[in-house]
Amino acid sequence: DRIELHADGFDINGSFRLEGPEDKRVVSISASTTPAPLPALKGMLPLKLMPPNAAERVMGIEPAGGSIALTNLLITGMADEFKGGRIFKKPGAVTASAALEGVTFRYKGLKEPFTGISGGILLKDNTLSVAGLSGRYGKENIENIEGKIKDLTGKGLFNIALSGSFDVNEA
């Protein structure tokens, strides 16, 4: 049940278990990666398993560079909970942490790209937490972003603190 995959520019290590009778089948996934190029990752995301509104948000990201290392991914739940992304709403079923390094991307509807974004993110209990993110938005310097987006698969309620140097005429 150990998995080692060598993908385009990075490695995936982990385990996959499937247990129980068909109507009560439990799936357990554990994984981590070496730093992976951001553009390569978008095509590997399981968009069909995500709730439609979360998949739509992910599709709005246009990756250009940098890397993300998945430091820890744990998913445990009933096999049927993976359909439609229900697993993401189940408390304790999905936990993922990642380290971003020099990430560059555009997001639909925003005028400027984000560049050189580095720091940590954590997905747990349908909440995305960010800590110590820094980088740039266009010409503006972002020194630190910390916060949470709760109900990630729903309305996406957020509480974010940001510090940096900004020119209000350029934002």
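The radius of gyration is taken here over C-alpha atoms, and the globule rule I hold it against is 2.2 Å times the number of residues to the power 0.38.

**Entry 1: overall dimensions**

I began with the whole chain, bearing in mind that this is a predicted model. For 171 residues the rule puts a compact globule near 16 Å, and the protein comes out at 17 Å, so the two agree. I then looked up the extent along the principal axes, where the C-alpha atoms fill a box of roughly 60 × 35 × 25 Å. The accessible surface comes to about 10,200 Å², and carbon and sulfur atoms hold 58% of that area. Buried residues make up 33% of the 171. Among contacts with a separation of 6 or more, 48% join residues 24 or more positions apart.

**Entry 2: order of elements**

I listed the secondary structure next and found three helices and ten strands. Read from the N terminus, the order is β-β-β-β-α-α-β-α-β-β-β-β-β.

I followed the pairing from strand 1, residues 2–7, to strand 2, residues 10–19, and noted an antiparallel arrangement with six bridges. Within this pair, Ala7 stands opposite Phe10 of strand 2. Two residues lie between the strands of this hairpin, and Gly9 takes a positive phi near 95°.

Strand 2 also pairs with strand 3, residues 26–33, again in the antiparallel sense, over eight bridges. Here I noted Leu18 opposite Val27 of strand 3. This hairpin has six residues between its strands, and Gly20 in the turn has a positive phi of about 100°.

**Entry 3: the nonpolar cores**

Which residues touch the most other members of the largest nonpolar core? I found Ile68, Val103, Phe105, Phe114 and Ile117 in that position, within a core of 17 residues. At least two residues of this core come from each of strand 2, helix 1 (38–42), strand 6 (94–107), strand 7 (114–124), strand 8 and strand 9 (140–150). Strand 6 gives the largest share, four residues.

**Entry 4: Ile68 and Ser67**

I went back to Ile68 and listed its contacts beyond four places in sequence, which are Thr33, Thr34, Pro35, Ala36, Leu38, Leu41, Ala98, Ala99, Leu100 and Val103. I then turned to Ser67, which lies in strand 5, residues 61–78. Is Ser67 buried or exposed? Its relative accessible area is 17%, and the cut-off for buried is under 20%, so Ser67 counts as buried. Leaving out residues up to four places away in sequence, Ser67 touches Pro35, Ala36, Pro37, Leu38, Ala99, Leu100, Glu101 and Val103.

**Entry 5: the faces of helix 2**

In helix 2, residues 52–59, I found Ala54, Ala55 and Val58 buried. Why do I say that they line one face of the helix? Seen down the axis of helix 2, the buried residues fall within an arc of 100°, and therefore they line one face. The general rule bears on this, because an α-helix has 3.6 residues a turn and residues three or four places apart point the same way. Pro52 and Glu56 are exposed on the other side of helix 2. I looked up what the buried residues of helix 2 pack against, and noted helix 1 and strand 5.

**Entry 6: Ala96**

I placed Ala96 in strand 6, and with 12% relative accessibility I recorded it as buried. Beyond four places in sequence, Ala96 is in contact with Leu70, Asn72, Leu73, Ile121, Leu122 and Leu123. I also took the C-alpha to C-alpha separation of Ala96 and Glu4, which are 92 residues apart in sequence and 18 Å apart in space.

**Entry 7: Ser129**

At 18% relative accessibility, Ser129 counts as buried. Which residues does Ser129 touch, not counting residues up to four places away in sequence? I found Gly120, Ile121, Leu122, Gly147 and Lys148.

Definitions and conventions. Residues numbered from 1 in each chain as written. Predicted model: local features only at pLDDT ≥ 70, side-chain atom pairs only at ≥ 80, totals over all residues. Heavy atoms only, no water. Buried < 20%, exposed > 50% of the residue type's maximum accessible area, 1.4 Å probe, protein only. Contact = heavy atoms within 4.5 Å. Pairing = 2+ DSSP bridges. Core = buried A, V, L, I, M, F, W, Y, C linked by side-chain atoms within 4.5 Å. Areas by Shrake-Rupley, 256 points an atom, 1.4 Å probe, with all protein chains shown as cover. Arc of directions from axis to C-beta.
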